[in-house]
Amino acid sequence: MTTSIQTRKGVSCQGLTKDYGRGDARVRALRGVDLDISPGELTLLVGPSGCGKTTLISILAGTLDPTDGDVSVLGVDIKSLSKHEKAACRAKNVGFVFQQFNLLPSLTAAENVSVPLVINGYSKTKAVAHAIEVLKSVGLSERIHSLPSQLSGGQQQRVAIARALVHQPRLLVADEPTSAIDARTGHAIMELIREVALQPDRVAVAVTHDSRVYGFADRIITLEDGRVAQEKHVKPEVTNGLFAPV
Amino acid sequence: MTWIALKMLMGDKSKYFAIVFGVSFACFLIAEQSAIFCGVMLRTTSQIRDTHGGDIWVMNSDVRYVDDLKPISDDDLYRVRSVPGVAWAVNLYRGQGQAQLANGTYQGLILMGLDDASLTGAPTHMLVGKIGDLQIPDAILVDEAGFYQMWPGESLRTGKVIEMNQRRAVVVGVYRASQTFMTMPIIYTRFSQATLFVPPTPTGRLMPFVLAKVQPGMDSSDVAERIHDRTGLKALTNEGFMQLTMTYYLQHTGIPLNFGTTVVLAFLVGSAIAGQTFYLFTVENLKQFGTLNAMGMSDRRIVSMILIQGFVVGGIGYGVGVGLATLYGIFSQSAMPLLAFFLPWQVLAVTAVAMIFIVMMASLLSIRRVLVLEPAVVFQGGA
């Protein structure tokens with residue numbers, strides 16, 4: 001089974017379901033989600049807690065297997081991939097932004113950003129040199145050698161975004177990217193994410209509870225009780241980019 | 001990838017030192033207890049090691065260890081001398097005697113009788129007096145520990161007198177002996193003198209050993225085998241006799257069981273400490289491994305990272321633990337001379353094997369936790 005990703009293809013789900021547990025303890029998190037996300041736009045997944053947002057984004061990122069349904073990500077049927085092929089696919093094509101940043105605490109900012117490149121086979125020297133350039137582009141040239149514990153929440157999230165983009169992935173998934181930072185910083189973070197989303201061959205999906213960032217979206221999908229309850233295209237209010245990928 | 005594993009390992013200094021301490025402590029316990037066991041076993045052979053000059057010990061064929069004294073015929077000395085490959089052979093007395101001190105008390109002792117002419121097998125580390133003075137009538141040499149045992153509080157000197165088998169014996173020298181398994185004084189004298197210091201035996205035989213030297217260029221084991229074939233006596237090289245003695249103590253005393261229990265306990269305690277600290281370290285890093293896995297790092301590389309971390313910690317812990325055990329041995333020899341401590345390479349090898357086992361077990365448990373981790377957990381606010 002090939003893991004090559006065809007360009008200019010987005011994300012498509014049909015009849016996607018996901019169950020946790022078995023028997024009486026079974027919980028159905030997704031109940032037949034049908035979804036199409038196109039490249040070149042920023043899609044927000046919103047909805048109340050427990051509606052299946054995180055489950056859906058985990059499946060789209062290839063970190064969780066669906067119970068049933070079809071999932072095509074960037075032209076690849078990820079259900080057909082082995083665990084190893086999924087990992088290879090994620091390494092090459094997916095960039096992650098986590099709610100709690102998930103930076104490795106003992107690595108400097110530059111080293112953290114270099115990790116995806118190292119996973120893709122770069123030497124440490126080359127990977128860190130490349131990472132430094134990306135960090136500069138997100139305004140962290142002064143904090144290249146800082147440990148995560150020496151950075152503010154906003155700076156850590158910038159490092160996390162730089163890490164998500166350093167290997168130029170075609171799919172960017174962000175889980176509550178602004179929930180752990182203040183409003184002003186959250187604004188800047190969303191600008192960065194939107195800048196990536198505007199690339200024509202990239203797909204960007206973000207899960208959020210934060211209604212203040214809705215204005216950055218091209219499209220907002222509302223989930224309720226494991227189903228798509230509402231889907232609307234919106235005109236982004238903010239397009240001022242700060243980020244230029246290396 | 002290795003550098004990420006090492007940075008993860010050493011990034012949190014307190015955790016890192018806790019793991020290294022755990023492995024070091026485990027290695028120290030195993031090496032130290034094993035070394036004491038080896039030291040105790042080595043002491044059972046100290047009399048053999050302290051008897052210099054000969055290459056082969058010849059004895060009754062039923063002898064099972066160095067203290068198992070079964071006298072052989074005086075003629076056997078000549079029969080051994082006649083075996084091809086033997087350069088020379090001398091008689092050697094070894095037995096237990098009893099001394100009466102000047103204050104009237106009695107003291108059990110080990111009596112060694114050396115060949116009158118050559119004094120072959122005499123101690124080499126004299127503290128007071130000369131070996132040659134054994135040629136003086138009634139002369140004896142006493143080991144340092146034995147001297148203090150018989151005359152506590154007195155400084156080492158010659159001229160002290162004891163009585164054995166109603167015969168006067170005069171101390172003409174004090175020597176330093178290896179620590180023995182028994183705690184009795186070890187007295188050296190001439191063979192002819194030794195036979196007077198003990199009561200006669202029913203058989204009239206008094207010679208338990210013949211010490212033989214092989215001719216230059218000959219193999220000791222070959223000559224020993226030849227002596228056995230020609231005389232029917234048991235003939236063993238120094239190493240062979242030490243092995244026989246240690247084997248007897250291993251098989252017929254509770255020492256291996258008692259020390260084995262201690263060593264196993266040390267291993268279990270050390271394993272628990274080292275294994276648990278390393279396992280907890282990995283569990284605390286699950287979120288990081290989950291993040292790496294989500295970002296596309298393969299299971300195989302994550303397993304490699306954990307093994308690298310385990311073996312780096314194991315290697316450092318092994319070095320520190322064995323180093324501490326060695327220092328303990330060095331300092332204990334001067335501070336506690338009675339402590340038996342011997343650290344041969346076999347103990348280092350056993351400790352290394354134990355360390356590898358501990359690290360492998362801890363790593364495998366940790367790896368299992370990491371491998372069952374769904375990468376999706378990183379989306380749920382932590383792993």
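1. A:Lys136 and A:Glu133 sit three residues apart in helix H4 (residues 124-137) of chain A, so about one helical turn separates them. Helices here are DSSP runs of H or I with at least four residues, strands are runs of E with at least two, and both are numbered from the N terminus. The two side chains form a salt bridge, with the closest N and O atoms 3.8 Å apart; the term asks for a side-chain nitrogen of Lys or Arg within 4 Å of a carboxyl oxygen of Asp or Glu. A:Lys136 is partly exposed at 43% relative accessible area, and A:Glu133 is partly exposed at 42%. For these classes, buried is under 20% relative accessible area, exposed is over 50%, and partly exposed lies in between (1.4 Å probe, protein chains only).

2. A word on the ground rules, as this is a predicted model: local features need pLDDT of at least 70 and side-chain atom pairs count only at pLDDT 80 or more, while totals for chains, interfaces and linings use all residues. Residues are numbered from 1 along each chain as its sequence is written, chains are lettered from A and ligands numbered from 1 in the order in which they are written, and side-chain values use heavy atoms, leaving out hydrogens and water.

3. Over all chains, the whole structure holds 24 salt bridges. One of them pairs A:Lys86 with A:Asp65, the closest N and O atoms being 2.1 Å apart. A:Lys86 belongs to helix H2 (residues 83-93) of chain A and A:Asp65 to the loop between helix H1 (53-60) and strand E4 (68-73), so this pair ties together parts 21 residues apart in sequence. A:Lys86 is buried at 11% relative accessibility, whereas A:Asp65 is partly exposed at 42%. Elsewhere in chain A, salt bridges link A:Asp19, A:Arg26 and A:Arg28 in a network.

4. B:Arg79 is partly exposed at 35%, while B:Asp76 is buried at 6%.

5. Do have a look at strand E6 (residues 94-97) of chain A, which is covered on both faces: A:Val94 and A:Phe96 on one side, and A:Gly95 and A:Val97 on the other, are all buried. In a regular strand, side chains alternate between the two faces of the sheet. E6(A) runs parallel to strand E7 (residues 171-175) of chain A, joined by four bridges; strands count as paired if DSSP finds at least two bridges between them. A:Gly95 has A:Leu172 as its bridge partner in E7(A).

6. B:Asp55 and B:Leu280 are 225 residues apart in sequence, and their C-alpha atoms are 56 Å apart in space. B:Asp55 lies in the loop between helix H3 (46-50) and strand E1 (56-59) of chain B, where B:Asp55 is buried with a relative accessible area of 17%.
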